[in-house]
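Welcome, and thanks for taking a look at this one with us. Here is a short briefing to read alongside the model.

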Amino acid sequence: MADLKLTGVEKAYGEVRVLRDIDLTIEKGELIVFVGPSGCGKSTLLRMIAGLERITGGTLEIDGQVVNDVPPAQRGIAMVFQSYALYPHMTVRQNMEFALNIAGKSKAEIARAVENAARILQLTPYLDRLPRALSGGQRQRVAIGRAIVRDPKVYLFDEPLSNLDAALRVATRIEIAQLKEKMPDRTMIYVTHDQVEAMTLASRIVVLEGGGISQVGTPLELYTRPQNAFVARFIGSPAMNLLPGEIVETGPETVVRLDSGGVARTAIPTGPEDLGLLVDLGVRPEDLVETDGPALYEGEVEITEALGEVTLLYFVPRDEEGQVVAKLPGIQADLRHRTVRLGADPARLHLFHEGQSLLYRDRTELARA
Ligand SMILES: Nc1ncnc2c1ncn2[C@@H]1O[C@H](COP(=O)(O)OP(=O)(O)OP(=O)(O)O)[C@@H](O)[C@H]1O
């Protein structure tokens with residue numbers, strides 16, 4: 001049975017609809033990550049699941065029960081916030097005991113739950129400290145500990161790592177992945193701005209755009225088969241290049257003449273009716289390679305960024321439309337101001353028409369043509 005089911009969920013503040021038509025089924029034990037640009041509604045959706053925001057349309061079911069009007073404490077859900085929300089005058093142990101005391105659990109039960117959570121999170125040595133005597137990462141673990149002691153069916157994380165510095169973020173991200181492994185049947189929903197967190201933690205990612213779902217899929221599905229140009233550019237860093245052009249040859253392979261002068265052969269099938277179609281060719285920076293053969297793109301390198309294991313090459317002055325970025329292995333700083341010819345494997349190219357991927361068109365239509 002599905003753990004959580006959202007059907008036609010919407011959120012309106014007065015006249016303003018900030019979320020609409022949210023249909024999503026989350027299976028028990030999944031780790032779902034909500035991503036999307038600022039203001040797309042990630043936190044609002046999470047808070048509606050938690051019961052902290054009223055659902056203004058549609059239904060939310062947990063374990064087959066509609067819970068739209070069930071108060072937060074009775075939903076079997078625990079939420080971990082970005083700000084930790086610890087009680088500063090209470091020790092780690094008291095912070096973790098708090099909700100269980102309110103719930104009227106026995107002393108023995110509380111002690112067992114707190115010790116178990118402290119062990120899972122390696123917080124045992126800190127149980128008698130106050131939050132101010134802990135590092136940011138340790139405080140966030142206490143916040144997670146407060147959720148664990150309640151043994152919820154569903155954990156909600158609202159950007160839990162965004163207050164941590166880069167190194168701690170990585171360490172805590174790995175701890176969350178390990179925590180999930182220790183609790184395989186617990187469902188987790190996680191909101192983040194951070195692509196690496198989304199790609200590494202998620203069993204499935206939900207990409208939100210302007211209050212609606214743009215695509216749902218495993219991290220690799222979103223990376224290799226984005227349904228639209230928005231997801232294509234949102235997942236992956238630097239973003240996928242989109243080069244405008246026209247289809248000049250159709251068939252099992254499609255040939256696109258690009259406005260920038262190059263020609264691209266793609267492994268995406270098209271039919272005769274697609275001849276002359278205006279498209280955007282999508283190519284990820286990491287899929288561009290230097291070539292002596294036919295070039296998909298040729299240009300002078302404006303800027304290089306050497307990151308050690310890779311070098312980013314920027315073509316076209318940075319502020320102009322149509323910036324193209326290539327990611328080549330190793331240190332290539334001497335390519336600055338040189339003209340470089342780039343090609344790509346046809347199987348790694350994408351085609352979008354009016355923002356939608358041609359890969360996802362109805363195949364039967366293609367077969368008829
Ligand atoms: N109380 C409110 N009244 C009116 N509009 C609101 C209210 N709370 C949030 N919004 C609007 O709802 C939209 C979604 O907000 P939300 O905080 O869910 O976005 P988000 O994707 O989490 O953004 P961020 O990544 O910046 O945290 C935003 O446009 C926001 O301005």
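Which residues are around the ligand? In this predicted model, they are Tyr-13, Val-16, Val-18, Gly-36, Ser-38, Gly-39, Cys-40, Gly-41, Lys-42, Ser-43, Thr-44 and His-193.

**The ligand shell**
- Helix α1 (42–50) and strand β2 (16–27) each give at least two residues to the shell around the ligand.
- The largest share, 3 residues, is supplied by α1.

**Helix α5**
- Helix α5 runs over residues 166–182, and its 17 residues should span 24 Å at 1.5 Å a residue; the end C-alpha atoms lie 25 Å apart, which agrees.
- Buried residues of α5 are Arg-169, Thr-172 and Ile-176.
- Looking down the axis of α5, you will find these buried residues within an arc of 75 degrees, so they line one face of the helix.
- That buried set packs against two other helices, α4 (136–149) and α6 (195–201).
- On the face of α5 turned away from the buried side sit the exposed residues Ala-167, Ala-171, Ile-174, Gln-178, Glu-181 and Lys-182.

**The annotated domain**
- An unreviewed UniProt entry places the feature "domain: ABC transporter" at residues 4–235.
- Across residues 4–235, the chain is 36% helix and 27% strand.
- The end C-alpha atoms of that stretch are 25 Å apart.

Methods:
Residues numbered from 1 in each chain as written. Predicted model: local features only at pLDDT ≥ 70, side-chain atom pairs only at ≥ 80, totals over all residues. Helix = DSSP H or I, 4+ residues; strand = E, 2+ residues; numbered from the N terminus. Expected span 1.5 Å × (residues − 1). Buried ≥ 20, exposed ≤ 12 C-beta atoms within 10 Å, placed from the backbone. Arc of directions from axis to C-beta. Contact = placed C-beta atoms within 7 Å. Near = placed C-beta within 6 Å. UniProt positions renumbered as here; feature names shortened; annotations may be inferred.
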